[in-house]
Amino acid sequence: NALKDQTTAIAFKHFDDADHQKDYYPFQSLGDNENFYIVRSSRDLHRIDVCRYNIPEDSLYVLIEERFNTYIDVYDFKVLSNGDIVMASERDGWSQIYLHSSNGTLKKRITEGPFHVCGLTAVDEKAGYVYFTATGFNREEHPNYIHFFKAPLKGGDVTMLNPDEKTHRVNLSYSRKFFVDFASRVDCAPSSALYSVNGKKLLD
């Protein structure tokens, strides 16, 4: 084993809306006919490796290494059509999103600031945006409120898409043009609304 008492997991493709409309859909490994991706972690979760296994070569390539002296969250990642990897990391002390090349080399950071990225929702390569959830972005509200955001893949300003001072859960459409927002807070009734990905509320 590369890491002491390591745990290894295969990375799977994400289901989209079209998949969920089927009666049955199988889990599919992330990759193609020649490669698939795995994540291995040490027992103490101080070391995480994102790896690509090449089937014809029978070889494992370590692409991204995360090393800390504290617990590391095992974050989800997305592989783009050109093989680049979009992944969240706490390497600067905050959970932020980074873009890596297909061989794992860091190309750029996509987000930056004193807020915490909770998870990657989707990447729209055609439009050039990554969608994600985060907390602590608005310092004037409770830091535990979760919001939905988008940021340009090339880097730039982050846009909050559901600014109501509540915790939000979203379902993003397969077209990446709309999302349904479910908002809640302990002192008011839950609500739902339809938004465009530009942050415009279309329907309550």
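Proline 143 lies in the loop between β10 and β11, where strands (E, at least two residues) and helices (H or I, at least four) are DSSP runs numbered from the N terminus. The model is predicted, so local features need pLDDT of at least 70 and side-chain atom pairs count only at pLDDT 80 or more, whereas totals for chains, interfaces and linings use all residues. Residues are numbered from 1 along each chain as its sequence is written, and side-chain values use heavy atoms, with hydrogens and water left out.

With a relative accessible area of 49%, proline 143 is partly exposed; buried denotes under 20%, exposed over 50% and partly exposed the range in between, for a 1.4 Å probe and protein chains only. Neighbours within four places in sequence aside, proline 143 is in contact (heavy atoms within 4.5 Å) with Thr135 and Gly136. From proline 143 to serine 42 the C-alpha to C-alpha separation is 30 Å, at 101 residues apart in sequence.

Serine 41 belongs to strand β2 (residues 35-41) and is buried at 10% relative accessibility.

Eight aromatic pairs occur in the structure. Rings of Phe, Tyr and Trp (its six-membered ring) pair if their centres lie within 6.5 Å; planes under 30 degrees apart count as stacked, over 60 as edge-to-face and the rest as tilted. Two of the pairs are tabulated below.

| Pair | Centre to centre | Angle between planes | Class |
|---|---|---|---|
| Phenylalanine 115 and phenylalanine 137 | 5.2 Å | 75 degrees | edge-to-face |
| Phenylalanine 179 and tyrosine 195 | 5.1 Å | 0 degrees | stacked |

Phenylalanine 115 lies in the loop between β8 (106-109) and β9 (116-124) and phenylalanine 137 in the loop between β10 (129-135) and β11 (147-152), so this pair ties together parts 22 residues apart in sequence. Phenylalanine 115 is buried at 4% relative accessible area, while phenylalanine 137 is partly exposed at 32%. Phe115 and Phe137 also form one aromatic cluster with Phe132 and Phe149.

Phenylalanine 179 is buried at 1% relative accessibility, and tyrosine 195 is buried at 4%.

Arginine 91 lies over the face of tyrosine 98 at 4.3 Å from the ring centre, and arginine 169 over that of phenylalanine 182 at 4.6 Å.

Definitions and conventions: A charge sits over a ring if NZ of Lys or CZ of Arg is within 6 Å of the ring centre and within 35 degrees of the ring normal.
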